[in-house]
Each structure stands twice: as structure tokens, then as C-alpha cells.
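Reader: Please take a close look at one part of this model for me. I would like the contacts between chains first, then whatever lies behind them. Keep it brisk.

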Amino acid sequence: MKRLSIAEALREAMREEMLRDERVFLIGEDIGIPGGFGGAFTVTLGLSDEFGHERVLDTPISEKAIVGAAVGAAMMGMRPIADVQYSDFLFCAADEIVNQAAKMTYMSGGTVKVPMVLRAPVGATNRGAQHAQSPEGFFMHVPGWKVAVPATAYDAKGLLKTAVRDDSPVLIFEHKRLYGKGGRKEAGGLDLTSDIPDDEYLIPFGQAVVRRAGTDLTIVATLLMMHRSLAAADLLAQEGISVEVIDPRTLVPFDDDTVLASVAKNGRLLIVEEDNLTGGWGAEVAARVADAGFDLLDAPIKRVASYDVPMPFAPVLENFVVPSVERIVEAARALVRGKA
Amino acid sequence: MAADVLIPNAGQASGEATIIRWRKKPGDRVQPGEVLLEVETDKATMEVEATATGVLQDVRFAEGAVVPILTAVAVIAESGERAASVVRSEVAPLAAPTPQNGNAAASDLIAIMRAHRPGRLVVSPLARRLAANTGVDLTGVTGSGPHGRIMKNDVQAAMARPAKTTTLAAETRTPTVEPGSRWIPFNATRRTIAERMTASAREAPQVTLTTEADAEALGNLRAQLRADLSDDVSFTDVFIKIAAAALREHPHLNARVENDGIRVFDALNIGIAVDTERGLIVPVIRDADRKGVAAIARERRNLVEQARSGKLRPDELSGGTFTLTNLGAYEIDAFTPIINPPQGAVLGVGRIVKKAVVRNDELRPGATVILSLTFDHRLVDGGPAARFLQRIKMLVEKPHLLIA
Amino acid sequence: MTSLTIPPDRLLQMYRDMTRIRKFEEKVYYLFLQGQIVGTIHQYQGQEAVAVGVCSALRREDCITSTHRPHGHCIAKGVSIHSMMAELFARATGCCKAKGGSMHMGDVSVGAMPAIAIVAGGVTIAAGMGLAFKFQKSDRVVACFFGDGAVNEGAFHEGVNLAAIWKLPVVFVCENNLYAASTPMQLTTPIAIAERAAAYGIPGVVVDGNDVMVVYEATRAAVERARSGGGPTLLECQTYRTVGHSRGDASTYRPKEEVEAWKQKDPIERLRRHSIANGVGAGLAPALAAVDREVEKEIEAAVVYAQESPPPRPEDALLHVYGEEAAA
């Protein structure tokens, strides 16, 4: 057993998969450059020393080529792990992601598969609008992609390994503020190391985890918002409000059963997400629960999300836009006290 | 072989267990028979053992979590082996494609809800609001939606007929022949009364308090009203006014038990028990506290006539929050009226009888009336109920207080 | 016409393949007008020499990526005409199980990737396929087809650049038919296409795309270069489609004289005249005529096969979204 940060856990996952399967390779910008920083957030640091530059491929600044080449290589039987440095840049390769990777298996009538992984960091970090998005909702919407959102080091390792072995294309959204020890220090970043077992483990997709049990309210939250929800739950407990926090861990497939069972028990649901409110992943989850859980609800389903604005730069503005622990507490309190 | 770690079914009545302590942690190697965690059920604390060899992983619930029985709380798998629960994400054979949403059966979810929130009705928000606005008692409504969900239509239907709170066994419809007797089937009214009285007796612990009030002032008041008003005001009308005034001051008797609490009503809608050929019918006088006794008299006479001719409308029969029953005409003194469910109390009035009374320590001819209050002991205790009855007695003996 | 020696049997095979493309497309056009084929079709008449010339220089295990105009590429690479016709007829026996349609035809078992309808979408994917071949230490190559319109897409630049810098085993084949939909090249492209190769440090070759033998020879050279680790080549084949961009396009944006001039350079006719004029093999003319009849029968049989094939079940629409459902 050892304690690793998310960045370290991801690195270890990639290393183990590359040792285990020679079809696995990495492709992205700045990921293997000697003397470089191991990708934008140090996740790949040291891997090119071990595996050489033939398996840790540094590309030109060409997101379309990064993703398109990963699609082509995967179609020919390789298992690439591609990455873009910021999730905002996924849109530079929107065609390759939406029209190529996602549709290839389907259009071919199931004769071709695209077993690739695409990693992208999300989250606001005072860098301004084009380096700040949390676009999970866009990609949850595309049939063909699986989407993972690991919020702990334990989950990051287990989910990445499952992603590599999955025969579908898998998007992994990591949060910049959660890379933790060993990652680039983000101002205000939490230190989120976990115990990582020495023996190998995989985490299946579509299996949420109840991070904290409670009886008055169910919160479903991902990534940084999950950690803020836990902090909010601690504060609410002091007021006698008992909050259950569920981390879905994957958005596609999504563990509806765990969420519904929790709502059956507690009768109230609050979704906390960092992506923009309109059309965010929370909207989809809310619709599902309103459908399958109509009779279980004592209160409307509420979402706390970033306001529908591009992300501003100034800390005071960014902190206003992104859900804070206080906003989560207020929303939860209003729901439980029957004021929502 | 990978295996889920399940909370075993040991006959827990509540269907769930609380995780008290994890004795192993993720990454520990375990063998069959080793204790993994301790859980507490409504019966006892029990230990959950491993049923396979391997590494404990994917611990999904923390200490303190309350989980339904047969929940998989962790997985045991060999390193490198995909855990059994991983299989869930694999696609079913191509023959049966299904939409990708969850597999939880709706009935399972309702079961979980009832385990944790007993008594909660399955009612749509719209139906709930409609019922609240019209005073329909949801516990007596049968829902026609999925899992018995009560919807707007069901509330509207309930408004059109008195609600059946329970159903009597169907087998009573088939008569057996017994010499020396004849079997008469229930008519609708009789059946409704039977069901409601049964429900009332079964669900509410009922206590009856009685008190004897001096009726002289009451008699005088009624005589004066009859003389000066064109309407024929009866004792019952005055009692309705008195009961309404007392309820205003004791709102917890204008209430009913609902789910895990008490619903107190703003409006004072008093039902009058009326004896008809078909049986007992209870039309309602709405906002009795806001109507003068003359208006009450008119309304009551009209309702009684409608009741006896079977022409009452649904809204005249529904929405009652308290009931008055007067058996004085039949020379009944005290009795134990049964609460009209789902109300919280009922006031029974006996006959006004001439008898000797003690006033200022002297024996005098006078008149008294016995008041019998039955109340739902879940709603209030004896003390508050007694005080309510005491107030009624005071208003009977000193009706001038009605305008104080 | 080149005087390079190409063995007669190969010439005959090229003639057969070009004829199969031509007659397939003519039949499909006819069926489309009758309403037996739905959607849209982008046809290949006039460009047969490019598909056949390139694919003749490839091995079966080499691969191609194709475009929204894939019928010719697929036939030349060896995709079953029966399965292609069935796909157009929206039958479950189609090469894509009726999931793809005209613009996504292919058959990976003969190295024809399902076609990509996004212009230049296949360029980066072809680079990735070449990357896989390098990893796998095989000497397979991939020929990436695209049109003149594609060279202005960002994906073209990124894909060619990556293939160039990593020396990936790709042959980039530009079918320059002078028009991107209705837009002529002179309005969009400031420099001859093959000259763009210099910007990536790779060879750029221009050939007469209506001369199947020249296309074949140029492709052989590019394939050799790629197979031996020399990296990609940009091969510009100048050709012309004698039909509209898609069905329903009357091509009124092209001068009639231009269309007629190119019809005079019909590639199939040129191969026929060349073969006969140079006495390639005795009795070639009857052999060619026999090929014509055989191909017509083949196409007819494919139509019957398609018409008699069952349609997919409606709920099959839910299948094949994820990789787990793909053939292993």
C-alpha cells in the first residue's frame, strides 16, 4: 500500500498498462520531451525515460492530428492514450471526436472498433475563459464515447486501467485542482492522495460510490465539486442536516441505480457540477431521476452549477461563478428546510 | 473467482443494515471465513464473512452507512482479475438491446422508500395540492397510477364520492343460507359506513370524555332566537356555533393525524350527522365560525333535506374538519360517538332534560345536557381535550360569551 | 500514354475493375432515379483510373481510407459489389449492415476502411493507421484518398505534417477533379496542390489521373518509398468527374465544353485504345468485350441479391454503439 496523488496514480496506471500490453502508447504534446514537464500537469513525467520516445510520442500542436491519429491507430489494433493539455482544446478536434471516433463502430455495422483513451484536464484556475471549461456535458451527449470523471487517486488509477482495456473510445476528464502532490501546484488545490493497493485493481464503469451516507438529502457531484460537497456536508451536519454524497465516477455509463436508491431513501436530490448550468451533465441526471424517481421526490431536483457565462479571470469573479462550498450549503439547506 | 461482498439477508424486518465497522480494508488479502465487516440490523449485530479468496477492493460504503440487505458493499477479486461486478458493464447479447438507463425496478425503489419513509403516500404534486385545497383525505383515496400513484383524476373521483378507507373482504358478498335468518346485502351507504367505522376504530385510539352542562341559558337563548328570527333555529344550530367558537380557541382539535405528524386546518368545516333511511350521512357546513346561527340553521335544514332525498353534492359531503352528532331527540344522554375518519374529534350532544340542579347551594328545578367528546389520542392528550370540552360547557352555560 | 510495360493480365484486370466501377455507378444512378436507392449518392464516373491505378499498386493487406465518394475506391480495393449494392438498398446484408449507407462503405477484411464523409477527415486517421503499422513492425502501407477541396482543411495540414515528420507509411492521393462541389479550384487554392508537398518536406508528384497506367506507376513508387521507411508522398492525380457532385446536381457551374473535352479523355476508352493499338496480347478486343458482358451480369446479379436481401430490424438501430459490440 502506498499513498499517491491523482497525477501519480494516473502515471502508474499508464505505466502498468504499457508494461502489460505492448499495444498501449501515449500521444500528445510535451509528454515525453527530455527535460520537459511530463505533459501540462506532469502526469507523464518519466514515462519516456522508461519506454522511450517511440511509445511516448510528442506531437506538433495539432489536436486534430493527435485525436485523428489515435483513431486510426486504434482502428488498426493499437491502444493509444491520447491527451490534450486543456479540455477546451478538445473542440479543436471536435470532428475527430464526434464524427470519427464516436461513429466509426456504428457506421461500419460493428466491423471496426476504436479502443482509444482521450484524457483532458478540466476546471477553472484563473487562466481565463479558454483554459477553464468543464465540458463533460457536451461529450456525455455523444453516443459512442464513454466518459469517466475520477475525483480521487484510487479512482483515477482504476478507471484509467479500465479505460485502456475497454474496446470503446473513452474520455477521461481530470480536474486541474485535484492532481495534488506531485502535480503542478494549483493555487488552492487540494492535496488528495489516496491509499493505492500494491495489487492490481480495476474500477468498472457505471459504478458510483457513496462517499458519505446521509438521510436528509442526496448530493450527486463530480470532481472538485464532489470534494466541496463533502465539505458542505460537514458544515450541514453541524446544523443537524444529514447529507449523502454520491460520486458517479463515470458519466457514461451512469449508475442510475445507486442514485435512485438513494433518492428513494432520502427524497431530495441536489446535483453539484462545475460545468455551465444549461445543458450540463446535471440536467441529464435531473431528467432521469425526475422520470424514474417521480414518486420518490419530496422536493424539486436542484442543480448548483457554474453560471451560464464563459469563465472570467479575476479570482473574485471566478469564485462567484464556480459553485463554492457556501453556495452548496445554502442550496442544500433550502431544499431540506422546505424552502426550495 | 471474484465475488461480491453482500449484506446477507438474516430476516431483518426493516430490510436494511448499518455498517458498524470494517475489519478489513481495500487491498487486504482475504480468505473464506474471515470477517470483513460488522453490521447492525434491527435484530442484532452480525459479522459478514468473506466467501472467496482474493483481494478486498472497491469498498463502496463507509462505516455508518445504512444499506439495504443484499447490497454489494465491496468486491473480492484476484489481482488482475476483473471483479464480478465488472461484468455488469458488459453488453448483453445482441439479441436484446435495451436503453442504457438503470435497471432498478420501480417497485424496488418504492420498497426502499417505504422502508425509510413509512406512511409516505405516492401522490403527484398536483394531486396533493388539489386534495389540500378541497379537503380530500388522501389516505382514503385509491391511486390509479403506477405503484398506486394518486393523481389528479383520483382526487377528483374521491370528491365525487365518500372515500373508502379500507375494503372489506370480498367474500362477504356471497350469502350462505342459514335457516331462521335472512341476509341483506350492504347498500353503498351501509358499506361505506362499515368501512369508515372499522378504519376509525382500528387506526385511532379513541377516548370519550363527558360532562354535564346547565342548559337553562341555552334554552333561553334558543327561545329568543326563535322569537326574533324568521329562521327556525334549533339546538343543533346553536351547538354548531358553540363548537366552532371553541375550535377557534383550540385549533389542535380541528386537525387530523397525517403521516408522521398532525395537519391542522384553517377552515372550520363542521359536519352534521344526519340519520336517513339509507343510513348515516354527514353533510358539511363550511366556515361555521363565520356564519351567523340563522345562516347555519338555513343551511343545515337544506342539507338535511338534501341528505334525506339523496341529493347531496360531493362538495357538501367533503372537507369536514370536525363533526357534531345530536342524539337528544332519541332521549340519549351520554354516548361514545365514533370519530368520523380521518378527523380528530367528534362532539356528541344528548337530550336536554329537566332535572333537579344545585345552584348557589340550593336545589332547584333546572335543565341539563350531557356533552360527550371523543378525541383521537394520537392528536391530543386528555388534558387539552378536557379543556376543550370544558370551554364548550362554558359556552353552553354562558352563551353570551360567544360575542365576547 | 506511357510506354512502360505492364503485363497484359494486369492491364486486363485494370480494365475489368474500371468497367465494374463504371457500370456499377451507371446502374446505381438508374436505380436512384427509380427510387429504389434513397438518400444521396456521390458518383465516380470519369475518375476510375485513379482508384484502379492506386489500388492495383497495393497489396490486399494494405489499406485505404476513402471519402464521401467511395464507390470507386471500394470496388477497386476488392469490396464485394453484392455487399455494396445491398448497403445502398438499405439491407441487413450490406457491407455496413445498413448502418452506413453510400458515404461510409468499406470492408476492413480487404483493407477498405469505412469511408469518411467529413472532407479531409481521413487524412489524420490514415496517419494514425500508418503509425500503427510502424508499431506493429509490418510493412503495410495506407493510401489516403481525398479531393482537391480537402487540401484546404485543417485536418489535411495536420495529418500530412504529422505523417511527414514521423515518416509514416502513407501515400496521400489527391483526386483533383478541379471542383470542390461547385467551387472551382482557382477560387480557393493559391498554389498547385502537389507543390504544397514541399511545405512538408515530402515529394509532390502530379500525374494525368485519367491514365491508369501512369497512376499505377506513380503509386508503385510512392508505396515503395513508404514501405521502406521513406515516409509519405503527395500524389496529385488530375482527373474529372463526368457527372454532378451528387445526384441532383446538374453541374451548371461547369462549362459544357469543359465537360465534353474531358469525356474525350475517358480513362476506360483510353485503356481500351491503348491495349488494342499496342497489340497487347492477341485478340484483346474480344477479351475486353467479354469483360463488358461479364461485368454487366455481375452488376445485375448484385441488384437481384440486394433486392432479395432482408432489411434490418428496426431495433437493430440500437446495436453497435460501443466497441464491445464490434466483431473481435
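Author: The contact between chain C and chain A takes 38 residues from chain C and 37 residues from chain A. Two residues are in contact if their C-beta atoms, placed from the backbone, lie within 7 Å. On the side of chain C that touches chain A, helix 5 (121-135) and helix 6 (154-165) of chain C each give two or more residues. Helix 5 of chain C gives the most, with 11 residues. Helices here are DSSP runs of H or I with at least four residues, strands are runs of E with at least two, and both are numbered from the N terminus. By class, this side of chain C has 22 nonpolar, 11 polar and five charged residues. Ala, Val, Leu, Ile, Met, Phe, Trp, Tyr, Cys and Pro count as nonpolar; Asp, Glu, Lys and Arg count as charged; the others, Gly among them, count as polar.

This is a predicted model: local features need pLDDT of at least 70, side-chain atom pairs count only at pLDDT 80 or more, and totals for chains, interfaces and linings use all residues. Residues are numbered from 1 along each chain as its sequence is written, while chains are lettered from A and ligands numbered from 1 in the order in which they are written.

Now chain B. Here 29 residues of chain A are in contact with 33 residues of chain B. Strand 9 (209-212), helix 9 (256-266) and helix 10 (281-292) of chain A each supply at least two residues of the side of chain A that touches chain B. The largest share, six residues, comes from helix 9 of chain A. By class, this side of chain A has 16 nonpolar, four polar and nine charged residues.

Helix 9 of chain A packs with helix 1 (residues 106-116) of chain B at an angle of about 35°, with their axes 7 Å apart. Axes are lines fitted to C-alpha atoms over the stretch in contact, and angles run from 0 to 180 degrees between N-to-C directions. A:L260, A:A261, A:A264 and A:K265 meet B:L109, B:I112, B:M113 and B:H116.

Last, strand 5 (residues 117-122) of chain A. Six of its six residues are buried, so strand 5 is largely enclosed by the rest of the structure. Buried means that 20 or more other C-beta atoms, placed from the backbone, lie within 10 Å of the residue's own. A:V117, A:R119 and A:P121 cover one side, and A:L118, A:A120 and A:V122 the other.

Definitions and conventions:
A residue is buried if 20 or more other C-beta atoms lie within 10 Å of its own, exposed if 12 or fewer, and partly exposed in between; C-beta atoms are placed from the backbone.
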